[in-house]
Amino acid sequence: GSLATWVGVGNDGFVRTWYDQTGANDATQTTAANQPKIVNAGSLVTENGKPAIDGNGTQYLGHSTLELTTDFSILQVFSGVGFTEGAGSAGGNDYLRFNSTIRIDLDSNLYRSAVNRDNLQTLTIFNRNPSNSLDIRYNGITAPSSPFSVVSGGWSTRSVLAYNGGLIRATGKMQEIIFYNIDQSSNYPLIEANINDHYSIY
């Protein structure tokens, strides 16, 4: 049967563990009140017809600190507002954030695109190449004000739908997060097409 059937008619279902597909760093939440919702009143939580985990500003998942120190690519599918990933005290004020602009902070160096995607389903890519240029993309487009020249600063995270170990949380629906510890800019067309084919975002 379906997940909604297993949870039961009229019941809510919550995520205790969101499994890392590499098997190395699952995101978990053992406090029931802080677990993101995946079934609402007997119906699967969705965004644009696809499953999502829903955080209402109090719910998030934690995981072991992930450090990206040189070139990297971070991809996420999110609809909402607030801090979607971040570490806080681990590696500076590192975070991803939707708040009137799409933002990334690398060791207290803030870079923001001049586009507002608050509460809109968005495929976002944050990419740092070996030449320390930072690119922000959304729904297959390079964001205004991007790329940025990055002199220094790594990036780390230890939570989903939150920042600073869960102290500051997002409100919205997360559907996918992918981390690459290498520049994936040459693969943008294939990666974006694959994800958009599944979620039909744009």
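Leu 161 is found in the loop between β18 (155–160) and β19 (162–163), where helices (H or I, at least four residues) and strands (E, at least two) are DSSP runs numbered from the N terminus. Although Leu 161 is not a glycine, its phi is positive, at about 65 degrees. Leu 161 has a relative accessible area of 0% and is therefore buried (buried means under 20% relative accessible area, exposed over 50%, partly exposed in between; 1.4 Å probe, protein chains only). The model is predicted, with local features needing pLDDT of at least 70 and side-chain atom pairs counting only at pLDDT 80 or more, while totals for chains, interfaces and linings use all residues. Residues are numbered from 1 along each chain as its sequence is written, and side-chain values use heavy atoms, with hydrogens and water left out.

A positive phi, near 75 degrees, is also found at Ser 108, a residue other than glycine. Ser 108 belongs to the loop between β12 (101–106) and β13 and is partly exposed, at 45% relative accessible area. A cis peptide bond, with omega of about 5 degrees, joins Ser 146 and Pro 147; Pro 147 is placed in the loop between β16 (141–142) and β17.

Six aromatic pairs are present (rings of Phe, Tyr and Trp, the last by its six-membered ring, pair if their centres lie within 6.5 Å; planes under 30 degrees apart count as stacked, over 60 as edge-to-face and the rest as tilted). The rings of Tyr 111 and Phe 148 form a tilted pair, because their centres are 5.5 Å apart and their planes lie at 55 degrees. Since Tyr 111 lies in β13 (residues 109–112) and Phe 148 in β17 (residues 148–149), the pair ties together parts 37 residues apart in sequence. Tyr 111 is buried at 12% relative accessibility, and Phe 148 is buried at 15%. Phe 83, Tyr 95 and Tyr 163 form one aromatic cluster.

The largest pocket holds about 570 Å³ of space. A pocket is an open set of points on a 1 Å grid over the protein atoms alone, where a 1.4 Å probe fits, with protein on both sides within 12 Å along at least five of seven lines; lining residues have an atom within 4 Å of a point. Grid points are joined across faces, edges and corners, and a volume is the space filled by probe spheres set on the points. The largest share of the lining of the largest pocket, five residues, comes from β21. The second largest pocket has a volume of about 170 Å³. Its lining includes Trp 18, Ile 53 and Met 174.
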